[in-house]
Amino acid sequence: MTATTYTNIPGAKPGASFGGWLGRFFWRMIEAQEKAAQVRIARHFRGMDDEYLTKLGYLPADIARVRRG
C-alpha cells in the first residue's frame, strides 16, 4: 500500500511542486488563456455605454480604463 502526500507551499502558485519545464509550460499556457479571456471581456465591455456600466457598478475611473483598453 502506498500513500501520496501533497504539500501546499505558502505564497506559491497552486501546483508549484510541478517543477521544471513541464510546470513552466503549463503556467505559460494558463497565463496565455487568461490574457486572451481578458481581451475578449474588455472588447465586450467597450461595446456598452457608460450608463449601463454605471448600473453594473463601475466607477467613472473604471469606465475610463475600459475605454482606454
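Is D62 buried, partly exposed or exposed? With a relative accessible area of 22%, D62 is partly exposed (buried means under 20% relative accessible area, exposed over 50%, and partly exposed in between, with a 1.4 Å probe and protein chains only). The points below set this residue in its context.

1. Basis of the note. This is a predicted model, in which local features need pLDDT of at least 70 and side-chain atom pairs count only at pLDDT 80 or more, while totals for chains, interfaces and linings use all residues. Residues are numbered from 1 along each chain as its sequence is written, and side-chain values use heavy atoms, with hydrogens and water left out.

2. Confidence. The protein chain has a mean pLDDT of 82, and 71% of its residues reach 70 or more (pLDDT is the predictor's confidence in each residue, from 0 to 100). Among the elements, the highest mean, 94, belongs to helix α2 (residues 50-55), and the lowest, 89, to helix α3 (residues 60-68).

3. Overall architecture. The protein chain contains 3 helices and 0 strands, in the order α-α-α from the N terminus. Helices (H or I, at least four residues) and strands (E, at least two) are DSSP runs, numbered from the N terminus. Of the 69 residues, 9% are buried. The chain exposes about 6,300 Å², of which carbon and sulfur atoms supply 60%; accessible areas come from the Shrake-Rupley method with a 1.4 Å probe, and for residues only the protein chains shown count as cover.

4. The nonpolar core. F45, M48, L53, I63 and V66 make up the largest nonpolar core, a term for a set of buried Ala, Val, Leu, Ile, Met, Phe, Trp, Tyr and Cys residues joined through side-chain atoms within 4.5 Å. L53, placed in helix α2, counts as buried because its relative accessibility is 0%. Beyond its neighbours within four places in sequence, L53 is in contact with F45, M48, Y58, I63 and R67 (contact means heavy atoms within 4.5 Å).

5. The whole structure holds 3 salt bridges, each defined as a side-chain nitrogen of Lys or Arg within 4 Å of a carboxyl oxygen of Asp or Glu. In one of them, the side chains of R67 and D50 meet at 2.6 Å, N to O. This pair links distant parts of the chain, 17 residues apart, with R67 in helix α3 and D50 in helix α2. R67 is partly exposed at 33% relative accessibility, and D50 is partly exposed at 40%.

6. Salt bridges within helices. D62 is bridged to R65, their closest N and O atoms being 2.4 Å apart. These two residues are separated by about one helical turn, because they are 3 residues apart in helix α3. R65 is partly exposed at 48% relative accessibility. In helix α2, E51 and K55 are 4 residues apart and so also about one helical turn from each other; their salt bridge has its closest N and O atoms 3.8 Å apart. Both E51 and K55 are exposed.

7. A nonpolar surface patch. W21, L22, F25 and M29 form a nonpolar patch on the surface, with about 440 Å² of accessible area together. Patches are made of residues with over 30% relative accessible area and no salt bridge, like charges being joined within 9 Å and nonpolar side chains (Val, Leu, Ile, Met, Phe, Trp, Tyr) within 5 Å. L22 lies in helix α1 (residues 20-46) and is partly exposed, at 33% relative accessible area.
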